[in-house]
Amino acid sequence: MVALKDFRKISDYEWEIPTSFRHDMRVPVRLFATRDLLEASLDDLSIEQAVNAATLPGLVGHVIVMPDMHQGYGFPIGGVAATALPDGVISPGAIGYDINCGVRLLGSSIELEAAEPFLSDLATALDHYCPSGVGSHGGYPVTDAELDQVCRQGAAWGMKRGLATEQDLRRTEEGGALSGADPAAVSARAKARGRPQLGTLGAGNHFIEVDVVEQVFDAGAAQVMGLQEGMLTLQIHCGSRGFGHQICSDYVAQFQEAVRRYGIKLPDRELVCAPMDSPEGKAYIAAMRAAANYAFLNRQILAHGARQAFEAVLAGKVRNWHLHQIYDIAHNMGKEETHTVDGRQMRVCVHRKGATRAFGPGAPGLPEEYRSTGQPVLVPGSMGTASWVLVGTEGSMERSFGSSCHGAGRVLSRSQAKKEIRGDELRRTLEKRGIHVRAGSLPGLAEEAPQAYKDVDEVIKTVTGAGIARKVARLRPVAVIKG
Amino acid sequence: MEPTGFEEHRHTADWALRVWAPDMAGLLEQAARGMYLLMGVERRDEPRAERELEISAPDPESLLVSFLSELLFILEQEYLVFDSFDIEAGTSHVSARLGGAPCSAIAKEIKAVTYHKLNVQETSQGLEVTIVFDV
């Protein structure tokens, strides 16, 4: 068990567990947290999981843990780990089953006051145009040949079909398509699951949310993004659906044998991995990138559906009902990037699981308009609480492999949430506060109640206090659609 | 304690299910029943359908993950849920004849069956394991 005495305090927002804590750690663990958040994290296994993650071969720097950390499976949610190319390992469990789960934020010039009478209709229309729920079908089903194209082209596949604009792609991480994706590395079973589910939201913690910009903190960055106080925005949170889940499951199973072959000893079988330059490692990377591209297109199609919903409800009722892309960013992904480690520039694979890329000003790969502001970092809250728009900083590049937090972070177990919260009561409470809710499952809604999550503002205070992100705007929900 | 059974365990983000049974066949059946219950799967009475499964895996934990993953795949693709389990299982192979019917509702989705701390342990009563599902 890890205790508070095992941490070395670096600042009010940063703590370290040295490698002397456990003999098999290869690098220290560095946590971004206030003392309160740190103490709360000792209630579950998240810190122990971070220590386990620090045993992966080929790690450099530190294993980083974000303030929204919570217990996951194998690797903690909110974890970041970088392994050196070419022979450091890649670990599917350190990226997660929902490959390229992420968030897309769209902005508008629709004033809340003008849209308020139509918000209930808008929630219903979003629920209609963006299929959701368990195993949801009815989105944008594709053939086998089309799915192979999707694997390689990602969100760009939607351009010719009128589902995406040039600005959408430019304002998506990696332009919405990772190179090196190979559908041949994807199983027939993953493809069977992926074909009918494209363009669907799914269930669980995935959602579509209409928010209003409550407060702007950085007027310059907000102007570049097109965020104005009192105007509506739309967030989409989802990933690669059964396609990505199956790819991860396939490779976690295959890698059980690979770790024996490569003589890798690990404290948890969910952390199985393979050297990036091995045949197994290369195959997983090619398949993971295919799932990432599927997810980029999935959120693109959902954004298209959301635009249709806005047009159906608000055309003729507000002056301009257009939704423009602000950014689309992954928070479950493995990416090859260049970072400075111990004063030396090196190529690494950054595993982010429940952590958002947060590149600072001037970082490569950012669209022209965000080069001086830094990359938008999208941090959804829980239903009923605030969400935040941040930007990456020089500090995130220096200290967290260009990464920041991804959400509020769970604090209450699902079993506790089910016992303590009733879905129908929660819906009534949210509606009373002016938040329109459409939910496929009331027990599912209860598990995702705001009480089940940490205080997102405390999480934001940590990452901005630590200097690994900067505040741009705070958003308040007015309509939530959950599967 | 009953010789076979399952119960939900506390887990912050996901679902954890503790399962126990006298042998591997019983463990697989209880794990399947517990998984369906966590998902809120409801079953129609008919039409009845049968499936035969043959699964090999290097160890009992992998066998458990493969078996449950197979049931999730059948549920997602065919909307079929099983309530009758005729299973022969060793530590590395399972032969199963399963009977069931179409599901009428699923409340919650499981993304995957994980290997997190997965360890099929021998007890004085038989076997026991805790499974974490990614949801």
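**Reading the model together**

Modeller: Between chain A and chain B the count is nine salt bridges, a salt bridge being a side-chain nitrogen of Lys or Arg within 4 Å of a carboxyl oxygen of Asp or Glu. This is a predicted model, in which local features need pLDDT of at least 70 and side-chain atom pairs count only at pLDDT 80 or more, while totals for chains, interfaces and linings use all residues. Residues are numbered from 1 along each chain as its sequence is written, chains are lettered from A and ligands numbered from 1 in the order in which they are written, and side-chain values use heavy atoms, with hydrogens and water left out.

Biologist: Which side chains meet in a salt bridge with an N to O distance of 3.2 Å?
Modeller: Those of A:Glu48 and B:Lys117.

Biologist: Which helix of chain A gives the most to the side that touches chain B?
Modeller: Helices (H or I, at least four residues) and strands (E, at least two) are DSSP runs, numbered from the N terminus. Helix 9 of chain A gives the most to that side, with seven residues. The residues of that side divide into eleven nonpolar, 19 polar and 15 charged; Ala, Val, Leu, Ile, Met, Phe, Trp, Tyr, Cys and Pro count as nonpolar, Asp, Glu, Lys and Arg as charged, and the others, Gly among them, as polar.

Biologist: How many residues of each chain are in contact, and how much area do the chains bury?
Modeller: Contact means heavy atoms within 4.5 Å, and 45 residues of chain A are in contact with 32 residues of chain B. Buried area is the accessible area (1.4 Å probe) that two parts lose on being put together, summed over both. For chain A and chain B that is about 3,200 Å², 48% of it on carbon and sulfur atoms. In chain A, the residues that lose the most area to chain B are A:Val134, A:Arg189 and A:Arg269, together 18% of what that side buries.

Biologist: How should I read a nonpolar core?
Modeller: In soluble globular proteins, nonpolar side chains tend to be buried together. A nonpolar core is a set of buried Ala, Val, Leu, Ile, Met, Phe, Trp, Tyr and Cys residues joined through side-chain atoms within 4.5 Å; buried means under 20% relative accessible area, exposed over 50%, partly exposed in between (1.4 Å probe, protein chains only). The largest one has 123 residues, and those touching the most other members include A:Val29, A:Leu31 and B:Phe67. Helix 10 (residues 279-314) of chain A gives the most to this core, with twelve residues. A second, separate core of 42 residues includes A:Met66 and A:Cys405.

Biologist: Is A:Arg299 buried or exposed?
Modeller: A:Arg299 counts as buried because its relative accessibility is 0%. It lies in helix 10 of chain A, and a polar contact of 2.9 Å joins its side chain to that of A:Asp328. Leaving aside neighbours within four places in sequence, A:Arg299 is in contact with residues including A:Asn100, A:Cys101 and A:Ile236. By contrast, A:Lys5 counts as exposed because its relative accessibility is 72%.

Biologist: What should I look for in the backbone angles?
Modeller: Most residues other than glycine have a negative phi, and most peptide bonds are trans. A:Asn100 has a positive phi near 55°; A:Asn100 lies in the loop between strand 6 and strand 7 (102-111) of chain A, and is buried, with a relative accessible area of 0%. A:Glu174 also has a positive phi, of about 60°, and at 39% relative accessibility counts as partly exposed.

Biologist: Which peptide bonds are cis?
Modeller: One of them joins A:Leu85 and A:Pro86, with omega about 5°. Another runs from B:Glu46 to B:Pro47, with omega near 5°, and B:Pro47 lies in the loop between strand 3 (42-43) and strand 4 (49-56) of chain B.

How values were computed
A polar contact is a pair of N or O atoms within 3.5 Å; within protein, one must be able to donate a hydrogen and the other to accept it, and residues adjacent in sequence count only if both atoms are side-chain atoms.
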